[in-house]
Amino acid sequence: MRRPLAVLGPPLALALLLVAGCKPAAHDGRTPAAATAVESPDTVQSADESPSAAPSPSFTGPLFTPTQPVTMNVKGFWSWAYYDHTTDRMYGSTPYTTSDTASMAKAWVAADWLRRQGEQNKQPSSTALAELSRMIRDSETENTFKYHVQNGNLTSIKRMITLCGLTETKGTQNSWSLTQMSARDVARLAKCIGDGRAAGPKWTGWLLNEMRNVHGPGRFGPIEVLPADVQKTTAIKNGWLARDDGQWHIACMAVGDGWSLGIMAHYPSSLGKDYGVKTCREVTKQLLTRH
């Protein structure tokens, strides 16, 4: 059984940090980089591999094994975090480097606006709900800034940090998409949405349903490799944008029954969107116990 990073000797701990998720600037991407769990339970449950006489046996083992290493040969930055809600344990790569959320932040924009409407005993208009729905399902950007401003602009991001217990996130005035988040803060935000803190008791179910019905170019990453039955109950919101810095910025967020996942990446724009999409997909695939 692998021990937590904290108990390893200084030389080995340093070596692990250099290969975990975010590769140092000198790394040319030609060798695999392993993202190592920073916390691990005393025991790791394994799937029952004994044969079953039932024609369609039900799976009783864990869906994820977050203590196993995640290793990929990719260029640029990538980082992941898995949050086990049942044990309140976070696993993932270090250091906790941040990257752009892009459209992933729309989930918070919608949640913050809906919760505040509920707190004021206001009923959103059918027009507003339709706009929020398109913002989540289709990643429509046209009205996002309008709701972000109504939420208080940068004040809304600061409220997200406080409400959801985020530690690395930083906001930017007059922009929701430039919000900087670490992978573990993404996993925390996903839990915050799933447990009702973000959107409030009245609108959490509505928001999760919208996130479960994301389609089109925004439906990628973890949802693509989850088992079919798990896909139905998993809520997602992703971000993707080629910025003026010459980098594609990819952000993947997923929340399911008792777990949440955050994956962040940025890399040279010449590699295209699918390069980062594959990163989100491959990280999830390596963490899965059940395929």
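This is a predicted model: local features need pLDDT of at least 70, side-chain atom pairs count only at pLDDT 80 or more; totals for chains, interfaces and linings use all residues.
Colleague: Which strands form the open sheet, and in what order?
Modeller: The sheet is built by antiparallel pairing. Strand 4 (89–92) and strand 8 are its edge strands, each pairing on one side only. Five strands take part, and their order is 4-3-10-9-8.

Colleague: What is the average twist from one strand to the next in that sheet?
Modeller: The order of the strands is 4-3-10-9-8. From one strand to the next, the twist averages 10°.

Colleague: How many bridges join strand 8 (residues 235–242) to strand 9, and which residue of strand 9 is the bridge partner of Ala235?
Modeller: Strand 8 and strand 9 pair in the antiparallel sense, and the bridges number eight. In strand 9, the partner of Ala235 is Val255.

Colleague: In the hairpin of strand 8 and strand 9, which residue takes a positive phi near 80°?
Modeller: Four residues lie between the two strands of this hairpin. The residue with the positive phi near 80° is Gly246.

Colleague: Which residue of strand 10 is the bridge partner of Trp80?
Modeller: Strand 3 (residues 77–84) runs antiparallel to strand 10, and eight bridges join them. In strand 10, the partner of Trp80 is Ile263.

Colleague: Which strands does helix 6 (residues 183–194) touch, and what angle does its direction make with that of strand 10?
Modeller: Helix 6 packs on the sheet. The strands it touches are strand 3, strand 4, strand 9 and strand 10. With the direction of strand 10, the direction of helix 6 makes an angle of about 140°.

Colleague: How many cavities of 30 Å³ or more are counted, and which elements give two or more residues to the lining of the largest cavity?
Modeller: The count is one cavity of 30 Å³ or more, and the largest cavity holds about 30 Å³ of space. Its lining consists of Ala105, Trp108, Ile157, Met160, Thr179, Met181 and Leu189. The elements that give two or more residues to it are helix 5 (154–164) and strand 7 (175–182).

Colleague: How do the residues of that lining divide into nonpolar, polar and charged?
Modeller: The lining includes Trp108, Met160 and Thr179. By class, the residues of the lining are six nonpolar, one polar and no charged.

Colleague: Which residues are joined by a cis peptide bond?
Modeller: Most peptide bonds are trans. Here a bond with omega of about 0° is cis. Pro95, on one side of it, is found in the loop between strand 4 and strand 5 (98–100). The two residues joined are Thr94 and Pro95.

Colleague: Is Ala102 buried or exposed, and what is its relative accessible area?
Modeller: Ala102 is placed in the loop between strand 5 and helix 2 (106–119). Its phi is positive, near 50°, in a residue other than glycine. Buried means under 20% relative accessible area. Ala102 is therefore buried, with a value of 3%.

Colleague: What is the phi of Asn153, and is this residue buried or exposed?
Modeller: Asn153 is in the loop between helix 4 (144–150) and helix 5. Phi of Asn153 is positive and near 60°. With a relative accessibility of 8%, Asn153 counts as buried.

Colleague: Leaving aside neighbours within four places in sequence, which residues are in contact with Glu131?
Modeller: Glu131 lies in helix 3 (residues 126–137). Glu131 counts as buried, at 11% relative accessibility. Beyond those sequence neighbours, its contacts are Asn143, Lys146 and Tyr147.

Colleague: How far apart in space are Pro69 and Gln286, C-alpha to C-alpha?
Modeller: Pro69 lies in the loop between strand 1 (33–35) and strand 2 (70–72), and is partly exposed at 45% relative accessible area. In sequence, Pro69 and Gln286 are 217 residues apart. In space, the C-alpha to C-alpha distance is 8.1 Å.

Key
Residues are numbered from 1 along each chain as its sequence is written. Side-chain values use heavy atoms; hydrogens and water are left out. Two strands pair if DSSP finds at least two bridges between them. Buried means under 20% relative accessible area, exposed over 50%, partly exposed in between (1.4 Å probe, protein chains only). Contact means heavy atoms within 4.5 Å. On a 1 Å grid over the protein atoms alone, a cavity is a set of points where a 1.4 Å probe fits but cannot get out, and a pocket is an open set with protein on both sides within 12 Å along at least five of seven lines; lining residues have an atom within 4 Å of a point. Grid points are joined across faces, edges and corners, and a volume is the space filled by probe spheres set on the points. Ala, Val, Leu, Ile, Met, Phe, Trp, Tyr, Cys and Pro count as nonpolar, Asp, Glu, Lys and Arg as charged, and the others, Gly among them, as polar. Axes are lines fitted to C-alpha atoms, for helices over the stretch in contact, and angles run from 0 to 180 degrees between N-to-C directions.
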